[in-house]
Number of protein chains: 4
Amino acid sequence: MDLEQILHEITQDMATRPDRGRVANYIPQLACIDPDQFAISVCLADGTQYSCGDADMSFSIQSVSKVFALALALGRVGDHLWTRVGREPSGQAFDSILLLEQEKGRPRNPFINAGAIVTTDTYLEGHSPAEALGGLMRFVREAADDEDIHIDDSVARSEIATGHRNFALAHYMLSHGNLRHAPDLTLGTYFHQCAIAMNTAQLARAGRFLMNSPDLVRMLSPGRVRRINALMITCGQYDGSGDFAYRVGLPGKSGVGGGILVIAPGQASIAVWSPGLNHYGNSHLGTLAVETLARDTGWSIFG
Amino acid sequence: MDLEQILHEITQDMATRPDRGRVANYIPQLACIDPDQFAISVCLADGTQYSCGDADMSFSIQSVSKVFALALALGRVGDHLWTRVGREPSGQAFDSILLLEQEKGRPRNPFINAGAIVTTDTYLEGHSPAEALGGLMRFVREAADDEDIHIDDSVARSEIATGHRNFALAHYMLSHGNLRHAPDLTLGTYFHQCAIAMNTAQLARAGRFLMNSPDLVRMLSPGRVRRINALMITCGQYDGSGDFAYRVGLPGKSGVGGGILVIAPGQASIAVWSPGLNHYGNSHLGTLAVETLARDTGWSIFG
Amino acid sequence: MDLEQILHEITQDMATRPDRGRVANYIPQLACIDPDQFAISVCLADGTQYSCGDADMSFSIQSVSKVFALALALGRVGDHLWTRVGREPSGQAFDSILLLEQEKGRPRNPFINAGAIVTTDTYLEGHSPAEALGGLMRFVREAADDEDIHIDDSVARSEIATGHRNFALAHYMLSHGNLRHAPDLTLGTYFHQCAIAMNTAQLARAGRFLMNSPDLVRMLSPGRVRRINALMITCGQYDGSGDFAYRVGLPGKSGVGGGILVIAPGQASIAVWSPGLNHYGNSHLGTLAVETLARDTGWSIFG
Amino acid sequence: MDLEQILHEITQDMATRPDRGRVANYIPQLACIDPDQFAISVCLADGTQYSCGDADMSFSIQSVSKVFALALALGRVGDHLWTRVGREPSGQAFDSILLLEQEKGRPRNPFINAGAIVTTDTYLEGHSPAEALGGLMRFVREAADDEDIHIDDSVARSEIATGHRNFALAHYMLSHGNLRHAPDLTLGTYFHQCAIAMNTAQLARAGRFLMNSPDLVRMLSPGRVRRINALMITCGQYDGSGDFAYRVGLPGKSGVGGGILVIAPGQASIAVWSPGLNHYGNSHLGTLAVETLARDTGWSIFG
């Protein structure tokens with residue numbers, strides 16, 4: 001298997017696709033991103049790494065950050081997290097508030113917005129936002145083995161000013177007692193978390209601890225890694241998770257910045273980026289690219 | 001790894017559990033089953049097979065049959081099936097009709113009742129119910145390599161007389177043009193499909209084609225097997241699918257008869273049975289048993 | 001006030017309207033009705049009666065029959081009916097099944113389809129369908145003082161063959177124990193009830209007992225009449241009830257045949273008919289006509 | 001008819017009722033109100049006024065204020081208001097956010113919280129909160145002919161600190177562009193509006209303009225008065241509106257402070273107060289009292 005050649009062909013194929021999805025327009029700082037960009041990076045279990053396309057372009061990882069936040073929160077409070085958030089696919093859009101009403105303020109899972117806000121609220125406990133974000137960045141930088149990863153403050157500020165739906169979710173959960181801090185505080189932290197900027201090479205490296213490679217067991221126990229992968233396969237692409245599992249066959253977590261982190265357990269950590277989104281809010285070409293990659297490499301968790 | 005010993009210990013452990021779930025009471029023929037029963041069987045890739053507990057007791061496989069029906073329907077009409085049914089977790093109970101209204105008669109996935117009725121409606125096309133069921137039984141018997149597997153007619157009749165919720169689903173889909181036969185015809189076939197009786201030894205053998213073992217590729221292509229496994233992990237336990245993926249880490253499909261078929265791709269086909277159900281309608285001790293088995297064997301699709 | 005002149009002007013106005021709504025297309029026998037037809041009839045408390053337009057054309061009263069069925073059922077079982085059906089607006093379409101799931105098979109009110117099926121199931125109790133319909137027709141004929149009113153059998157048969165949504169509702173309620181007869185029996189009766197044919201002159205006369213005119217108190221007590229009017233104002237036009245109350249200011253009950261019965265308590269019983277429907281399933285021009293009539297006459301229950 | 005005697009008997013009857021509902025506990029300032037209190041006041045069309053019970057005790061009118069706010073907003077922007085809020089019963093609880101998601105931020109009617117927030121946002125336009133509230137208080141004081149009516153600031157502050165559900169609604173509508181001011185501003189105004197304090201004598205007087213008495217036509221045109229009454233009968237008691245219309249037969253608007261304003265068009269303006277609520281959030285004994293009053297006086301809009 002010539003992985004370099006596979007990535008090259010995928011990148012070429014993606015460059016010619018006329019249907020590139022639609023760039024997220026509800027976050028002003030993301031609305032102006034050029035949809036023609038595409039990048040893919042792969043880290044193998046043996047440490048080798050391959051990239052193709054715009055792999056040195058930084059993008060806003062947005063909801064991909066929910067994986068790191070979940071790992072951090074589970075490290076902090078363990079299974080206690082599950083008293084405040086569920087582990088089931090919601091069957092609804094990423095920013096839906098409907099089930100929150102029916103289920104009394106307890107979000108379905110940590111990968112929809114409501115659940116991720118609870119996760120942030122959890123790792124924020126006992127800390128200032130700056131300290132909490134400091135802890136998260138230490139985790140991400142250690143995972144990626146790269147001290148250069150930073151938060152794009154302008155994106156965070158843009159979301160604080162316009163993220164009304166997330167404020168609605170936070171206030172709604174607060175009304176059910178499922179938020180421990182003022183919405184401003186938790187969401188300030190959450191929006192900064194979402195504004196972490198990486199390129200695909202960094203993101204693929206940062207995802208290696210989810211491959212269950214033995215040398216990264218210090219970051220998270222194998223059991224917890226497996227469970228985060230389970231949540232990624234059932235909930236990682238919102239109400240497009242079933243389709244992603246069906247087509248790609250690997251756990252992944254997407255973000256509205258157009259990035260997707262995909263894990264082939266024991267084999268590879270994959271990051272793909274293309275800003276145009278499908279109607280679930282996941283990268284349109286990114287999904288197509290990892291579907292092709294999985295087919296060409298034979299990587300699948302399903303045998 | 002001493003699999004025999006592991007199965008023995010699990011069976012002993014389950015025998016002592018006081019909380020055994022509740023036997024399904026809405027199907028009269030199932031309501032009188034003794035909840036103290038438990039059985040587990042495992043078929044390995046090398047053909048060896050292990051069983052423990054009441055592994056020669058036949059039970060009604062009920063919704064586990066949806067996996068065989070899906071395999072048959074995909075073999076018949078291929079991806080055309082997906083024009084009539086989705087591939088996403090519903091986030092609702094197995095017999096919910098709510099999303100059918102919002103989504104104009106198109107069920108979310110083939111493992112909730114509405115979707116399974118469409119699957120039956122699909123493999124029924126061009127056949128009488130008797131012929132269609134004959135085709136299904138040939139498939140199941142070949143998969144299990146066992147000509148003795150049969151349909152329990154009294155269970156089927158019991159469900160025809162009492163399965164009002166399923167009649168509602170069928171009529172509702174018919175009102176949206178998503179049923180090709182009269183509800184009586186499709187549901188008559190569907191209830192007989194659900195009334196297939198097996199013991200865990202038979203069911204574990206019947207599930208081997210989903211392990212992607214090379215000698216059973218004649219039954220279904222490896223790509224299709226992977227995709228059925230993907231549907232099992234995201235949708236196989238209804239609104240308990242996320243929790244099952246998290247705890248067990250393997251694709252599975254449950255039935256209200258208390259059976260669960262679980263696949264460790266490339267490694268094992270597992271059948272477990274205990275009639276008491278948890279509140280999602282999945283076997284309570286069965287889930288616990290395969291969770292233990294996965295932990296003790298290290299089988300997981302998540303690395 | 002020259003009522004004859006008012007009705008004449010309304011009829012002329014309606015004749016020139018280009019937007020006539022859309023004729024119900026899901027009942028084959030109704031789909032071919034000419035949408036240019038319009039009729040209006042008014043019975044005053046003093047017994048005088050005025051008609052204009054196609055007032056001798058019979059039409060299928062459809063859901064307007066729910067008012068007569070409710071009066072009959074309340075006469076038979078009294079407030080016991082409310083153990084099986086609610087008295088609240090549903091906020092959903094007339095044939096919605098969604099709330100039935102959330103509220104365990106108990107319909108919100110007797111004027112949406114599910115609730116009307118329960119009402120029919122109630123007056124059917126202890127009778128054959130023919131007897132039950134005989135009782136209903138006696139009630140309607142006595143109310144209208146007209147023995148010529150009949151049921152259009154071809155419409156009833158058309159609905160039996162195509163009313164899949166109503167079968168879904170009936171089976172769903174049966175699954176919750178809120179239907180006492182087989183769906184075929186109750187729905188056979190229900191579809192015949194809906195297929196009562198009248199012209200507006202007959203319908204306006206048939207509605208006089210809802211004006212609380214003293215000479216019709218033998219049909220229903222004043223207290224019950226008031227309560228049926230209360231249900232008409234809050235629930236009589238499905239999810240368009242609020243708008244109807246706001247614009248027209250009088251209780252009414254619509255049917256997909258294009259008829260509306262409207263009551264000005266103590267003053268008038270009004271029937272209007274025009275086959276084209278608005279998007280709630282209520283007569284588009286019929287609503288407009290009674291809005292104009294109410295404004296021109298000053299009839300309003302709101303002072 | 002001896003109205004004084006009727007009110008006296010009702011008040012005595014209510015004093016002996018053991019089931020008094022439950023005092024709203026989610027607004028701290030209201031949670032400590034003595035549930036044994038009861039008052040009722042009636043203003044007749046001829047200007048005479050009767051009161052019984054604790055009619056000089058001030059209470060927080062809460063959502064009864066939505067009627068005055070609606071009258072004010074309609075006076076300001078006319079039917080333009082209906083571009084932002086509907087006129088249909090929601091079929092959901094007063095603080096539900098569910099339909100807001102399905103209907104893209106447009107509340108069903110101005111009497112549920114979301115719709116009332118939009119109404120406040122409307123009369124706030126072009127003004128500071130202090131000015132806007134000044135305008136509202138002028139309207140209320142003129143209606144009641146009483147300059148002593150004031151806002152209870154401690155209640156308003158209590159709600160600002162704890163009204164998380166309303167903040168969720170406001171942010172959610174803002175996310176759909178259906179709020180013109182910052183949530184803090186609109187809700188600050190809204191909570192002060194809800195904190196208007198009156199006794200039943202004042203509230204009954206303040207409601208006279210809704211009777212369509214000729215001498216108060218300066219406050220609102222007869223047509224608009226009828227329409228507000230229409231909204232009160234279909235939506236005034238949230239998801240208990242149908243039951244209220246059925247039992248009481250008069251338009252009314254309730255508040256969680258335990259007050260209800262009820263209108264017998266052309267005849268009487270009625271205010272009742274008892275702090276214990278039924279499960280819809282409407283005064284339990286208040287509803288019972290006006291049901292008895294309507295029966296004993298024969299007041300009904302339904303003939």
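A salt bridge here is a side-chain nitrogen of Lys or Arg within 4 Å of a carboxyl oxygen of Asp or Glu. One such pair joins Arg87(D) and Asp243(C), with 2.5 Å from N to O.

## Basis of the model

This is a predicted model, in which local features need pLDDT of at least 70 and side-chain atom pairs count only at pLDDT 80 or more, while totals for chains, interfaces and linings use all residues. Residues are numbered from 1 along each chain as its sequence is written, chains are lettered from A and ligands numbered from 1 in the order in which they are written, and side-chain values use heavy atoms, with hydrogens and water left out.

## The two domains of chain A

Chain A is divided into domain 1 (3-62 + 197-297) and domain 2 (64-196); the bounds come from an automatic or database domain assignment. The centres of the two domains, taken over C-alpha atoms, are 20 Å apart. In contact (heavy atoms within 4.5 Å) are 36 residues of domain 1 and 41 residues of domain 2. Between them the domains bury about 3300 Å², 66% of it on carbon and sulfur atoms. Buried area is the accessible area (1.4 Å probe) that two parts lose on being put together, summed over both.

Two salt bridges are counted between the domains of chain A. The side chains of Glu142(A) and Arg218(A) meet in a salt bridge of 2.7 Å, N to O. On the side of domain 1 that touches domain 2, the largest share, six residues, comes from α11(A). Helices (H or I, at least four residues) and strands (E, at least two) are DSSP runs, numbered from the N terminus.

## Chain A with chain B

Which residues form the salt bridge with N and O atoms 2.5 Å apart? They are Arg87(B) and Asp243(A). The count between chain A and chain B is two salt bridges, and 14 residue pairs are in polar contact, both at pLDDT 80 or more.

The buried area is about 2800 Å², 57% of it on carbon and sulfur atoms.

## Chain C with chain D

Chain C can be laid on chain D with an RMSD of 0.0 Å by a turn of 180 degrees and a shift of 0.0 Å along the axis. The two copies are thus related as by a two-fold rotation axis. The superposition is by least squares on the C-alpha atoms of residues with pLDDT of at least 70 in both. Of the interface residues of chain C, 100% are also interface residues in chain D, so the copies meet through the same surface.

The contact takes 32 residues from each of chain C and chain D. These chains bury about 2800 Å² between them, 56% of it on carbon and sulfur atoms.

Conventions:
A polar contact is a pair of N or O atoms within 3.5 Å; within protein, one must be able to donate a hydrogen and the other to accept it, and residues adjacent in sequence count only if both atoms are side-chain atoms.
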